[in-house]
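Trainee: I'd like to go through this one question by question. Please keep me honest on the terms as we go.

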Amino acid sequence: MPVADQDTALPEWTDIQKKNNAKNTREPFPLRVRWPSETFNERQENIMNIYQRIVQDHDKHRELASRIMKTEGNSDERNELWAQFKPEATAHANAEEQTLYAELLEAQKSQEQARHSVHEHKEADDLIKELDEMDMSSGGWIQKFEKLKEELEHHMKEEENDVFEIAKKVISNDLANDLVDKFEKRKSSEISEVA
Ligand SMILES: [Fe+2]
Ligand SMILES: [Fe+2]
């Protein structure tokens, strides 16, 4: 069969494919529509939810706090690390309150736990303010910081275990994904206010 005849005998979908390839667009529907479940699951895993985003910050706070504990007096290192830690911890707590806790305060099932966490935020905030006004070279500064570190470690552990468990019962997976964007926006605006 001559080449010209072969071309005219091509089925309609192949013509569509040719046109689409020329335009560098996706294949038309009947050709190869495959959406394997592994691909879907991988896509789901790539989307960070509010819980993972919060843990990301917690890990950063744990690391910064441990580094501060190793610093001495009114050193540059202590000043620099505190200048990172303070807005981070404050903005994180405020962003949590505007996103995760705003949702948890709405639902009766999670209200009590949310109130408890918000109360702990206030306690940590008071300690942060006290530390900010204290002389870093005094021995009392690191003692008070250690208290803050311990309180925050307890708070973060409680969030990651108890709070998240309750939250997963009252917040849909879609909302848990959507809250990340709100958290980021809130946190960056808080940081720019503090800076
Ligand atoms: Fe918190
Ligand atoms: Fe937190």
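Trainee: Is the crossing in which helix 5 passes helix 7 left-handed or right-handed?
Mentor: Helices are DSSP runs of H or I with at least four residues, strands are runs of E with at least two, and both are numbered from the N terminus. A crossing is left-handed if the near helix is turned anticlockwise from the far one by less than a right angle, and right-handed if clockwise. Where helix 5 passes helix 7, the crossing is left-handed.

Trainee: What kind of model are we looking at?
Mentor: Residues are numbered from 1 along each chain as its sequence is written, while chains are lettered from A and ligands numbered from 1 in the order in which they are written. Local features need pLDDT of at least 70, side-chain atom pairs count only at pLDDT 80 or more, and totals for chains, interfaces and linings use all residues, as this is a model that is predicted.

Trainee: At what angle do the axes of helix 5 and helix 7 cross?
Mentor: Axes are lines fitted to C-alpha atoms, for helices over the stretch in contact, with angles from 0 to 180 degrees between N-to-C directions. The axes of helix 5 and helix 7 come within 11 Å, and they cross at roughly 160 degrees.

Trainee: So why is helix 5 called roughly antiparallel to helix 7?
Mentor: Under 35 degrees is roughly parallel, over 145 roughly antiparallel, 65 to 115 roughly perpendicular, and the rest oblique. The crossing angle here is roughly 160 degrees, and therefore helix 5 is, relative to helix 7, roughly antiparallel.

Trainee: Which residues of helix 7 make the contact with helix 5?
Mentor: A contact needs C-beta atoms, placed from the backbone, within 7 Å of each other. Helix 5 brings Lys86, Ala89, Thr90, Ala93 and Glu97. Facing them in helix 7 are Val118, His121, Ala124, Asp125, Ile128 and Asp132.

Trainee: How many helices does the protein have?
Mentor: Reading from the N terminus, the elements run α-α-α-α-α-α-α-α-α. There are zero strands, and the number of helices is nine.

Trainee: What share of the contacts joins residues 24 or more positions apart?
Mentor: Count the contacts in the protein with a separation of 6 or more. Of these, residues 24 or more positions apart account for 68%.

Trainee: At what angle do helix 4 and helix 8 pack?
Mentor: Their crossing is left-handed, and the contact involves, among others, Ile54, His61 and Ala65 of helix 4 and Phe145, Leu152 and Met156 of helix 8. Helix 4 and helix 8 are roughly antiparallel to each other. With axes 11 Å apart, they pack at an angle of about 160 degrees.

Trainee: What covers the buried residues of helix 8?
Mentor: Buried means 20 or more other C-beta atoms within 10 Å, exposed 12 or fewer, and partly exposed in between, with C-beta atoms placed from the backbone. Phe145, Leu152, Met156 and Glu159 are among the buried residues of helix 8. Their cover includes helix 4 (50-69), helix 5 (76-98), helix 6 (100-106) and helix 7 (108-133).

Trainee: Is Ile171 buried or exposed?
Mentor: Ile171 sits in the loop between helix 8 and helix 9. Beyond neighbours within four places in sequence, Ile171 is in contact with Glu103 and Ala176. It has 23 C-beta neighbours inside 10 Å, so Ile171 counts as buried.

Trainee: And Asn74, buried or exposed?
Mentor: Asn74 lies in the loop between helix 4 and helix 5. Leaving out neighbours within four places, Asn74 is in contact with Met136 and Ser137. With 12 C-beta neighbours inside 10 Å, Asn74 counts as exposed.

Terms used: Two residues are in contact if their C-beta atoms, placed from the backbone, lie within 7 Å.
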